[in-house]
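Please open the structure in your viewer and display it as a cartoon.

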Amino acid sequence: MTDYGHELLFGAFLTPDARQPERVVARARFCEQVGLDLVTFQDHPYQPGFLDTWTLMSYLAAATSRIRLAGNVLNLPLRQPVVLARSVASLDLLSGGRVELGLGTGAFWDAIEANGGRRLTPGQSVDALDEAIRIVREVWAADRRGGVRVDGKHYRAVGAKRGPAPAHPVGIWVGAYKPRLLRLVGRTADGWLPSLSYLPQGPAGLRDLTALVDEGAAAAGRDPAEVRRLLNISGRFAREGSGFLDGPPQQWVRELTDLVLAHGTSGFILGTDDPTSLQVFAQEVAPAVRELVAAERSAAASPGPAGSTALQAGPSPAGSTGQAGSGEGGSGGRSDGPADAQPREVVRAGGAAGLAVTPTPAPQVRHSDHRLWDESTRPAAPPAPAGHVYSPQAQAAGGHLVDVHDHLRRELSEIRDLLDQVRRGVVSAGEARGVLNRMTLRQNNWTLGAYCAAYCRLVTQHHGLEDDAIFPHLRRADPGLVPVIDRLEQEHVVIHEVVEGVDRALVALIGDPARLTGLQQAVDVLTDTLLSHLSYEEQSIVEPLARYGFYPGQL
């Protein structure tokens, strides 16, 4: 296994179709709305059917506010390195640090030459890329004295002034497949960006190719983990699986998680213009992959029997709602404000000993008189084996469920706070500003609706992961857990119906701002139901997870 520990990125590879420029812009905005981290575009300046990639990225930087932008990959033979470096730095400054630099050596040499570029051999194109990267980095090094001086065979800079420096450390990601270029990526680049469809052996080919990147990094005295591994992917969402990335979202989750843990891939860029596929990828696949990877990293981060530690999980991308776990091994629960939960103390054991994870108590305060189940009929899990010793990895596995639930509790608390803000806006509305306040309220309702909808998808996705993978594993591992698992699955169905009730209340609120009470009631029922369920689930399966793990072979 080779996991370099980078934060996970999920992006889109959109077609810059010049015949429908407004649709391209709309697709990019849609990618931001559904929560993707990155939007990218191919760069073929000799293709009149495509929008110019750099112009498109500049336009989109102003038309979006969060999503990152990159060429995939920019055509170096037709983009002079000093000018390119300043263009990237300028757009990064203007966009608030949202630009990455994807670079390619060039491939369609007849077209490149027809448009004024120089035809290079494969070996020359590698040398030219090496020189260009040196120039770009020198231009960005605005704090150094003296001009940029690179006396290359293909690109030269003889005293060019430095700057501007970009707003953030821009990643230089190179598309590469051949051994010499892969070693160059390891020596000089920040990322490797191939397309899976171009790998003759498919995913299995990543092992040998990434080893060449590592080899180049080691030869230059770099840590191979300094080079992010990204991957352009394509596939199809379907009910039944019929091949790699051709099947239901759960299959995609498993296969992409394997790529992270086995090959160190930390960026997945889906090539499609289909809005439905983009939304499923962003809101169903990406959060689940993050959750599974965080669980594995959390377990691996705890000292093993020999005292070794693995890589830590990276931070959640800005604006993402999918990072359900903390990624920091096995805290067993924090006290930083889960909604309506009682304070709890985590008992820590020294070394590998008794379970050091405390389930969250059920809340004492109820917000609604509506009861959707009888808590007294819940089956109890069988007791833990007497004297069982839990390794640090087992402690982390048990604690990860609490970490995930803490995230859901915090998000629920934020929804309730946002709902309260909208309510206070209604109370303060006056006749003199009636129209203005109705407009403001409507905007607040849309904001609330988007937030609630994202949260409801997160709950549904988390329960789907449990129902499809974790619960069947626990059933097989311990038949005594079957009644508990059956009850948890039944409660998932009820919670799904409650979530749908919140959706219906949101739709009603958008149509009629006076219906805020209906939404409040729906959120109250969700609060009571979900917090009760999360507490019961932790009390029932935190300990079994610490013995059996989330999947076979984890522990």
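Which residues in α1 meet which residues in α9? Bear in mind throughout that this is a predicted model. Select residues 21–34 for helix α1 and residues 275–301 for helix α9. Show the side chains: R27, F30, C31 and V34 of α1 meet P275, L278, Q279, A282 and Q283 of α9. By class, the residues of this contact are six nonpolar, two polar and one charged. The two axes come within 9 Å and cross at roughly 25 degrees. An angle under 35 degrees counts as roughly parallel, and α1 and α9 are therefore roughly parallel to each other. Their crossing is right-handed.

Next, select helix α2, residues 53–63, together with helix α3, residues 81–95. Here the axes lie 10 Å apart, at an angle of about 15 degrees; α2 and α3 are therefore also roughly parallel to each other. The crossing of α2 and α3 is left-handed. On α2, the contact is made by W54, M57, S58 and A61, and on α3 by S87, V88, L91 and S95. This contact of α2 with α3 has five nonpolar, three polar and no charged residues.

Finally, select helix α7, residues 206–219. Its 14 residues reach 20 Å from the first C-alpha to the last, close to the 20 Å expected. Colour the buried residues of α7, among them L206, L209, L212 and V213. Then display what covers them, including α6 (179–188), β10 (228–233) and α8 (249–263). Following α7 is G221, with a positive phi near 75 degrees.

Terms used:
Residues numbered from 1 in each chain as written. Predicted model: local features only at pLDDT ≥ 70, side-chain atom pairs only at ≥ 80, totals over all residues. Heavy atoms only, no water. Axes fitted to C-alpha atoms, helices over the stretch in contact; angles between N-to-C directions. Helix = DSSP H or I, 4+ residues; strand = E, 2+ residues; numbered from the N terminus. Parallel < 35°, antiparallel > 145°, perpendicular 65-115°, else oblique. Left-handed = near helix turned anticlockwise from the far one by under 90°. Contact = heavy atoms within 4.5 Å. Nonpolar A, V, L, I, M, F, W, Y, C, P; charged D, E, K, R; others polar. Expected span 1.5 Å × (residues − 1). Buried < 20%, exposed > 50% of the residue type's maximum accessible area, 1.4 Å probe, protein only.
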